[in-house]
Structure formats: C-alpha cells, structure tokens
Amino acid sequence: MILILIFCFEGRAQSPVQQDILDVARGQLASFLQRIPPGQEEHFGFRKRSDFQQAVPTQVFKAFTPDSCFFSDSLLGQRNCIIDSQEWLVLVEHQGSPAVMLTVANHDQHPRVVAMGAREMARQLHALVSENHFPEKQASILRVYPLQIDFVLYGNLAAGEIAGFRQLSARYDLAEKQSVPETFEDLLPWLKEQLRHIRKDKP
C-alpha cells in the first residue's frame, strides 16, 4: 500500500505549521489583491474592489506531487512516490463565500505567497469543507503538474493512509473519456496511463 503523510485541520483550528502559513497569507493577501486589474474583480471571486477589505484566508491545504521517478519509471513499484512539494494552498473567502486560492511556497525556509488564482478550486474545496466530506477533517492536495490535474486526498492521519480522494480539476481530455478510478492505489497507475496518452498525442 502506498502511504502519504497528510496534514489535517479541525474546523477553523490549524496546526502550528498551518497557522504560520495562514499568517503569511494574511500578511501578503492585500498586496496580491491590489494586483488585480480594475474590472477583473469578478474573475477572482469579488464583485467590486471594496470587497477586498473583507477577504479572509481561512483554510490551509498541504500540497503534494508525484516525484520525478513517477514520470520516468516504467513500473510504479511498491514505494512511496508522493513527495512534499513545499507548497500550501490557502482558501480565501469573502463574507463566507469562496473567492480564490493563494499558493504559499517555502523558499529557503521563508514561506511567501507566490501566486493567486484557481477560483474554481476555491469553489470546490469550499463546498467539500462545508458539506463535511473529509473524514475527521483531514485533507491535502495532490497536484500532478504534467497533467494539469488536482485531487483532494482524505484519510486517517494516525495511520497515514489515504481513505479516499476526489478530483478537483482537470485541464486536458481524459484518455478515451476514462473515468477516474475509485481507490488511491489504482489512481497512480491510472495517472501514468494518462501521461502516456498525453505524450503519445504530442507531435
């Protein structure tokens, strides 16, 4: 079984590391919001610029990604091929509604906000949190950059096991419209097959 370390949140409570990331997001959010061009506010989840004052970072999700060997090895093997991406995704809300995601990256042990966007991901994560889809409130994000696809993972933190997952977004056509598998162990081979499909189609 492939295991992965998951960071959890309990309602609005955060672990010490997550609290540090949340503080970074709060401290740098305003400067990133000011970068939104006038007239583009709705693309970032706001009706008008005055709404920026009520924007609040609320939830922190640790991001993971498959390691480089995952994309080069012909066989997956029985080792853990998921690594810490040194990034966190922070959900930003406006009056209780999802607005946008911040990406916080750890550069030389100094976390800072490096990107803002992914409004659709913000909507999906906010809905899942609101509907209590995560067992025991444990969740993290698996980002598969070559495929431009993201999954939210949830499971038993004490055992370190993935109990389930949900696809958040995909910005490419799945091979032959194949459905996403139901188990995490089946997900990783499926991702490799999707990668082969993408490479095969490239000129």
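## Helix α1 and its kink

Helix α1 has a kink of about 35°, centred on Gly27; the bend at a residue is taken as the angle between axes fitted to the seven residues ending there and the seven starting there. The model is predicted, so local features are given only at pLDDT of at least 70 and side-chain atom pairs only at pLDDT 80 or more, whereas totals for chains, interfaces and linings use all residues. Residues are numbered from 1 along each chain as its sequence is written, and side-chain values use heavy atoms, with hydrogens and water left out.

Gly27 lies in α1, which covers residues 16–33. Helices (H or I, at least four residues) and strands (E, at least two) are DSSP runs, numbered from the N terminus. Gly27 counts as exposed because its relative accessibility is 64%; exposed means over 50% relative accessible area, buried under 20%, and partly exposed in between, with a 1.4 Å probe and protein chains only.

The expected span is 1.5 Å times one less than the number of residues. Gln18, Ile21, Leu22, Val24, Ala25, Leu29, Phe32 and Leu33 are buried in α1. These buried residues pack against β1, β2, β3 and β4 (110–117), where contact means heavy atoms within 4.5 Å.

## Strands β1 and β2

Strand β1 (residues 55–66) is largely enclosed by the rest of the structure, because 11 of its 12 residues are buried. β1 runs antiparallel to strand β2 (residues 82–94), to which 11 bridges join it; two strands pair if DSSP finds at least two bridges between them. Across this pairing, Pro66 stands opposite Ile82, and Ala55 stands opposite His94.

β1 also pairs with strand β5 (residues 140–144), in the parallel sense and over two bridges.

## The β2–β3 hairpin

Eight bridges pair β2 with strand β3 (residues 97–107) in the antiparallel sense. Val92 has Val100 in β3 as its bridge partner. The two strands form a hairpin with two residues between them, and Gln95 in the turn has a positive phi of about 55°.

## Helix α3

Helix α3 (residues 119–130) has 12 residues and reaches 16 Å from its first C-alpha to its last, close to the 16 Å expected. Its buried residues are Met121, Ala122, Leu125, His126, Leu128 and Val129. They lie on the same side of α3 because they cover an arc of only 165° around the axis; the arc is that of the directions from the helix axis to the C-beta atoms.

## The aromatic pair

One aromatic pair is present in the structure. The ring centres of Phe46 and Phe52 are 5.1 Å apart and the planes stand at 80°, so the pair is edge-to-face. Rings of Phe, Tyr and Trp (its six-membered ring) pair if their centres lie within 6.5 Å; planes under 30 degrees apart count as stacked, over 60 as edge-to-face and the rest as tilted. Both Phe46 and Phe52 are buried.
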